[in-house]
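Hi,

Here is the structure I promised to pass on to you. Have a look at it first, then read on for what turned up.

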Amino acid sequence: MGDGGTLRFTLNGRPVVARCPDETILLDLLREQLRLTGTKRGCDLGTCGCCTVLVDGRPTLSCLTLAPLVAGRSVTTIEGVTPAQGLSAVQQAFVDHGATQCGFCTPGFVLTATALLRENPHPSPEEVERAISGNLCRCTGYRAIVRAIEAAARAEG
Amino acid sequence: MAESSAPPHRLLGGRIPYVEGPLKVTGRAEYTDDVQRSGQLVGRLLRSPWPHARLRSVDVSEARALPGVAAVLTGERYPTPFGVLPITQDETAIAVGKARYIGDIIAAVAATDERTAELALERVRFEVDPLPDYPDPQTGLGPVAEPIHARGLNGSNVQKEVVQHFGDVDAAFAHAAHKVRVRATFAGVTHAFTEPLATLAEATPDGRLTVWSATQVPHYLHRALSEVLGIPMHRIRVIKPEVGGGFGGKSDPLPHEIACAALALETGRPVKMLLDREEVFFTNHGRHPTQNDVRIACDPDGRLLAYDIEAVIDGGAWSSFGTVTTYYNGVLSMGPYRVPNFRYRGRRVYTTKPPNGAMRAHGGTNIRYSVEVALDRLSEELGLDPFDLRARNALPPNSTTVNEFRITSTSFLACLEAARRASGWDAKFRRLPFGRGVGLGCGFYISGSNSPIHFTPKMPQSTVHLKVDMDGGIAVHSMQADIGQGSNTLLAAIVAEVLGVDLDRVHVQRVDSDVSPVDLGSYSSRVTFMMGNAARAAALELREKIVRGAAALLHASPEELEVVHERIQRRDRPDDGVTFLSALHEAIASTGALTASGSFQTKAMGGTFKGARAGTAPAYSFSAYVAEVEVDVETGVYRVPKVWAAFDCGRPLNRLAVEGQIEGSIHMGLGQVMGESMNYRGSRLFNPSLLEYKIPAPQQMPEVEVLLVGEPDPEGPFGAKEAGEGPLVATLPAVANALYDALGCRFSELPITPDRVVRALDVRRKEGRPWKGA
């Protein structure tokens, strides 16, 4: 748990010390306190996946995660998977295949896809569908997202 | 992207990734909730727990006294009514005198933080007289004890009644060889966009108000803010950041937007209001729960003789777009067919439930289901293939419907041919084993409402400004609203196409009413057609100026020159040319930065009878979809493995975007036919969350084969028509007709859930009607 309101964890590869009450929600810490606004607030109830971040590499709903639970752990947000120049293979594939329309769900999908491909570099379409089924998209009908993730898998070899 | 091929279609017609894609995939795209102003307060809303109640008195003293509370507002402060349609303004920012549904806004508070704001809301004290609630539109058709609005027709809750009759329907039915009747009931559905509604407002000491909001129509919000707050439009600045989906749900000016601005005026500080997901469901403005009754008659050869339609439409608490909805549920029933006699009676009824409004393929979806199911039955009765029946009745190009819609381009026959061939229809229809089937659904939709929602109808529907300076970057200003459909990309591509320049020279500026000329925004599938024409006109004007610069450098006349990729050259001697930049610099040498403007105004159109303009459009899209279904006949669970979607959007300008719109529309249409439902018990919405209101999962989404078969439209920009809403409508009947082919069962209640499938199978067995040997 947080050490007297002081929370130490790794954020996007860098050590962070944040001061926050123990009941702070990770999403609030990221968006409001640390101003990492790439993590989106879609429902606050764990139903949409827009707030997905990676905790120790696993997709996690930051709106359902108490901030003190990430003490000593590694948190990756969309800002952490974006290269200093250009785009990651997953991000590039999302652009090229029209897997982002309104874009609000996109950071969550990119993180979910990034985690999937790290664990399973050549997923079947069914495995992709299962992996993304916790992220809602209302624009694309998901087909373009599946195509993008498959293309990213091919691009990454 | 082909960079080297010759104009005029270097970019357009290809697959153009979204210009703002890199911002979206990196989380750098800025949505309203990402904008932050220093000293910002949190705005929260108190919502009525009563479906219908007279607000007798309110005491906000305790709430105001709470430390950290900056302002508490009730309805009396800004009582001026507003509404998206000038003729039915019946909403207020905060309820005045009455609450009309569970979720109606009855007070607004601004405080230093969310917790203080919530505490303040708890301390607002109301005294109310509960009034009878009216959840069922049927009970509001006649006089009621306590009409929801004083403007209900003759003491009823009827907001709008439309009665139309063209030709002689009774005579047509009297002589018809075949008649069918379909009565269907549709649950309400909602947009379920992922970005919640959000607004940020700031009043500054110079007497100006700035509002950032998640809106599809910045102009209507601008206007409503001005009317309700009593501030001239030129002192209000509306900014549209990125918008996380709309589908119609962000097209009305919404009360929370005005309440947020009111709190900013009251406090002199920035106020941000982010609605929670439950509030988004209660704000709704989704597709109307509807009951319709469709009778269709045809001659012995299957030629359509008449439609006779009735619809009762559940409006919820406000008018919203309802007058348009009421017309559309009738007039959008006819195309893509020629129907010589037509009668319609539609009534939209206020209920004490969350308001309904415009949702993707507004007004054209529920009636399309009933008509296409009726045609499926008619084809069975005639022993005529469903494709042949439809082809026999197709509206020809350059024709006029019985209610005087002008039809110009239609590739509907090509849609039918493409869908039939690609789906392997002739080998599947009535030939697949029991439990599997294919179904056909067709449709058409407006490519932009011809009649603008404007107080000043002489003004153009769309205007685009271009500015180019010595750096060679082209700034594009327009109030068209990209909500994810790709209109910024299309706008940039049209400008780049006409000027012959690389796409990265063109920067579409964020919508900002201080600098963006008026465009009516994203609704009625109007953007490609109207903004596209305006953009083309602006770019042509700019091109002329730059070509004159080249002509001076080349000692030629402009007529002797042609624009190619980043270069202007002599037609007869292509080696003799100058770069775009040289020509530009020559052109601005004498005048400074160049500017150009283009606009689009619709032509006068439609008949002279009452309501004649409803449904008129400068063009229409057409579609023919085949859906295949596989049903587990024990559980009623079914899946749709594939949809063949033949669509006529004229010439597709960005195939990536068009395919995305079609796949997304099919997803949304499948949601409505397979399971989405706003579940009410009485006046109370019972499933206001994305967990209980289920949109189709990735595993439920079919493979989609998109077949773009349209011929260029004569008036569309580069021949284009809409592809944003029309692609939805054929989905629902295609699935229902496929279920009939699979099971021999018809469905009159949507959504068609597994329990309804099982019940229908039981009824068919009891009635002893065998189907495909089962």
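A645(B) touches Y625(B), I662(B), I666(B), V704(B), E705(B), V706(B), L707(B) and P727(B), leaving aside residues up to four places away in sequence. Keep in mind that all of this comes from a predicted model. A645(B) also belongs to the largest nonpolar core, which has 308 residues. The members that touch the most other members are A107(B), V109(B), A259(B), V495(B), A645(B), V735(B) and L739(B). Which helix gives the largest share of this core? That is α14 of chain B, residues 527-554, with 15 residues. As a bit of background, nonpolar side chains tend to be buried together in soluble globular proteins.

Helix α14(B) is a handy way into a sheet, too. The helix lies across β23, β24 and β25 of chain B, and runs at about 120 degrees to β23(B). Those strands make an open sheet of 3 strands in the order β23-β24-β25, with antiparallel pairing. At the edges you'll find β23 (561-564) and β25 (577-579) of chain B; each has a single partner strand, so one side of each is left without a neighbour in the sheet. From one strand to the next, the twist averages 20 degrees. If you want to check the pairing on screen, go to β23(B) and β24(B) (residues 567-570), which run antiparallel and are joined by 4 bridges. There, L561(B) stands opposite R570(B) in β24(B).

Now for another sheet in chain B. Here 4 strands form an open sheet in the order β21-β20-β19-β26, and the pairing is mixed. Its edge strands are β21 (506-508) and β26 (594-600) of chain B, each pairing on one side only. Neighbouring strands are turned by 20 degrees against each other on average, if you ignore direction.

How many residues lie between β19(B) and β20(B) in the hairpin they form? There are 5, and G472(B) in the turn has a positive phi of about 80 degrees.

Is β19(B) enclosed or open to the outside? Of its 7 residues, 5 are buried, so β19(B) is largely enclosed by the rest of the structure. A helix lies across this sheet as well: α13 of chain B (residues 487-499) lies across β19, β20 (474-477) and β21 of chain B, running at about 150 degrees to β21(B).

Chain A is divided into domain 1 (6-79) and domain 2 (89-155). Between these two, the C-alpha centres lie 21 Å apart. Domain 1 of chain A puts 15 residues into the contact, and domain 2 of chain A puts in 12 residues. On the domain 1 side, β3 (52-55) and β4 (58-61) of chain A are the elements that give two or more residues. The largest share of that side, 3 residues, comes from β3(A).

Last of all, the two chains. Their contact takes 40 residues from chain A and 44 residues from chain B. On the chain A side, α2 (78-81), α3 (89-96), α4 (106-119), α5 (125-132) and α6 (143-155) each supply at least two residues. Which of them gives the most? α3(A) does, with 4 residues. By class, the chain A side has 19 nonpolar, 14 polar and 7 charged residues.

Cheers

Notes. Residues numbered from 1 in each chain as written. Chains lettered and ligands numbered in written order. Predicted model: local features only at pLDDT ≥ 70, side-chain atom pairs only at ≥ 80, totals over all residues. Contact = placed C-beta atoms within 7 Å. Nonpolar A, V, L, I, M, F, W, Y, C, P; charged D, E, K, R; others polar. Pairing = 2+ DSSP bridges. Axes fitted to C-alpha atoms, helices over the stretch in contact; angles between N-to-C directions. Buried ≥ 20, exposed ≤ 12 C-beta atoms within 10 Å, placed from the backbone. Core = buried A, V, L, I, M, F, W, Y, C linked by C-beta atoms within 7 Å. Domains from an automatic or database assignment.
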